[in-house]
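Dear colleague,

Please find below the structure that I am handing over to you, followed by a short account of what was found in it.

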Amino acid sequence: MNPLPSTATAEPDARTAEPALAVEHLSVDVHTASGTVRAVHDVSFSVHKGRTLALLGESGCGKSMTALSIVGLLEPVAEVVGGSVKAGGTDVLTLSRRARRKLAGPVLSIVFQDALAALNPVQPVGRQLGEPFRIHHGLSRREAREKAIELMRIVGIPEPRARARSYPHQFSGGMRQRLLIAMAVALAPDVLLADEPTTALDVTVQAQIMRLLRDLRAERDMAVVLITHDLAVVAEHADDVVIMYAGNVVETGPVREVFAKPRHPYTKGLLDSVPERAEKGKPLPAVGGSPPELSAVPPGCVFQARCPLARERCADERPRLTATGPARAAACHFSEELTSV
Amino acid sequence: MTTFLRKRIVSSAIPLVVVVLGVFILARLTGNPVDLYLPLSATAEQRAAFSAEHGFDQPILVQLWDYLGQVVQLDFGESLRTGQPAAEMVLEAFPATLQLAAVTMLIAIVGAVLIGSLAAYRPNSLADRTSSFLSMTAASIPDFWFAIMGVLVFGVSLGILPTSGVTGGPEVWVLPIATLLIRPFGVLVQVVRGSMVAALSAPYVKVARGKGASEKRVVFGHALRNATMPVLTVAGDLTIGLVNGAVVVETIFGWPGIGKLMIDSILQRDFAVLQAAVLLTAVTIFLLNILIDVCYALLDARVRQAVPA
């Protein structure tokens, strides 16, 4: 057997090796004026180098909160109350702030959604892109600048040497997102989290950015966690998917299988509401209702109020995430019934 | 940048002219210098001669026209009191005021940035609430009251600080600077705190933390520069207030600056000196405003480019 180059997204041995990121039973509370709510509840997933895992869900489902807990950037009102986040074998949640800072960049890195706000408006972009090298490698300003220019070239900014002196507002939205990605991958992190990296961009630019992320993933052998609400982006760019609803994981598995045969009514509802799949001339199906307030999540299944399959058991007993096939799991008492639908 | 400067200079020139006209007319409302400079027993001829010598017998518009004609030739007239050229007297007094204002603002800005940033770093902490309370108090104390209390306590009762004058060691600076400092310092702490709270919650600060930046780097490298704009605006205004408002402090402490000179000139109806002093103050304020705008442009590229060519 020929050894594959490391850049290939080799599926077979990825399963056996230690995952680049393993989140286990993560729970996050948010303290508000009107009490404490559980924003993320018992979330587990793992991702290997060279693969992309999508965290999929609607606004407020806890996907961004999960990402921020992993990189340690939660607001002071939010607090991790349980679980572990293992990166490179160590549980980062147990580390001191100082030790965690050392991992921010070389091990765990994050790209945010709004690139204009995420770049410092009063610093030239070259300086911001060079900053990881100054912080972690102790490079001089001049050396860091050269690194920054190289990064700009890699992510496809034309005339990087001249543009390094420009300020964020002098770039287009797509270019700014490229800069933000360049900054996040500067130190070739093991895990790159991308929080809605293309939401603010138009469709053509979106495709370019996703392609860039994919190329960088292969080239730098990173594990990518893609946080999104866009089913099409997940279908096209992710290997595995974790679907979240009201702070809970409702279904997880390889994207292709989950999308072909959803085993949770929420997943099915989402997929049915994609226009391409709908029947012409009929109203577009949608998941009726809206997610529960986090302060009033029902004791049973979190999805019961909107679920077509809901019955008595769902009101009393919260379904556990249980295996529905190899590498797949769903949190539904009646997931069996969906196979026949 | 030159377009930017040119525009600012043109737009500031009009207020300058208005100030010159205003002072000229207001000064003459204080009364006729003749009454002050000649003895009560002076004859009508003597009074007429005095008026004619200094041009006070002319209609006010003619006086104004003559004055403007002199000003454009940089001739500001002579003091009625001393016969010295007014420009000379004003320029002699000005450095004392500038020194006072510069030292005060330096202390106020450095102190306010440190304390305001500290307060903003942990909003609602004990440090934040303490500094908010104290700075609010400082900003509310009237300076003349503070000056008088300072003189009373440290000068008269304790006898450890001089009550007025500029002769002596560094202790002569303490009370005048403390008096001038208290309000700008209080105001600036509040402004720094407010803009730092906003800057520290901006997404780019989160990104900087995500890069592994130390807290020192986050606060001073990323947030502070963004918080500088409002601070600069207020600090600029306060500096102008100091140059302007040194009148009270200089009078109380006998500080030989331009504020004291102005008061003396008004009391003596020494129009030429008063006009020169006000004009110099106005020009200083005008230059300060331009300096502030230049600072804006240097600090933020968005301001630089916002000015249409």
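Chain B carries 20 positive and 19 negative side chains, and the centres of these two sets are 23 Å apart. Lys and Arg are taken as positive, Asp and Glu as negative, with His and the chain ends not counted; each charge is placed at NZ of Lys, CZ of Arg, CG of Asp or CD of Glu.

The model is predicted, with pLDDT of at least 70 needed for local features and 80 or more for side-chain atom pairs, while totals for chains, interfaces and linings use all residues. Residues are numbered from 1 along each chain as its sequence is written, chains are lettered from A and ligands numbered from 1 in the order written, and side-chain values use heavy atoms, without hydrogens and water.

Chain B contains 13 helices and zero strands (DSSP runs numbered from the N terminus: helices H or I of at least four residues, strands E of at least two). Its C-alpha trace spans about 85 × 60 × 30 Å along the principal axes. Of its 309 residues, 45% count as buried, that is, under 20% relative accessible area with a 1.4 Å probe, protein chains only.

In chain A, four strands form an open antiparallel sheet in the order 2-1-4-5, where pairing requires at least two DSSP bridges between strands. Strand 2 (35-47) and strand 5 (90-91) of chain A are the edge strands, each pairing on one side only. Strand 4 (residues 78-87) of chain A pairs with strand 5 of chain A over two bridges, in the antiparallel sense. Lys86(A) stands opposite Asp91(A) in strand 5 of chain A.

With kind regards

Methods
Buried means under 20% relative accessible area, exposed over 50%, partly exposed in between (1.4 Å probe, protein chains only).
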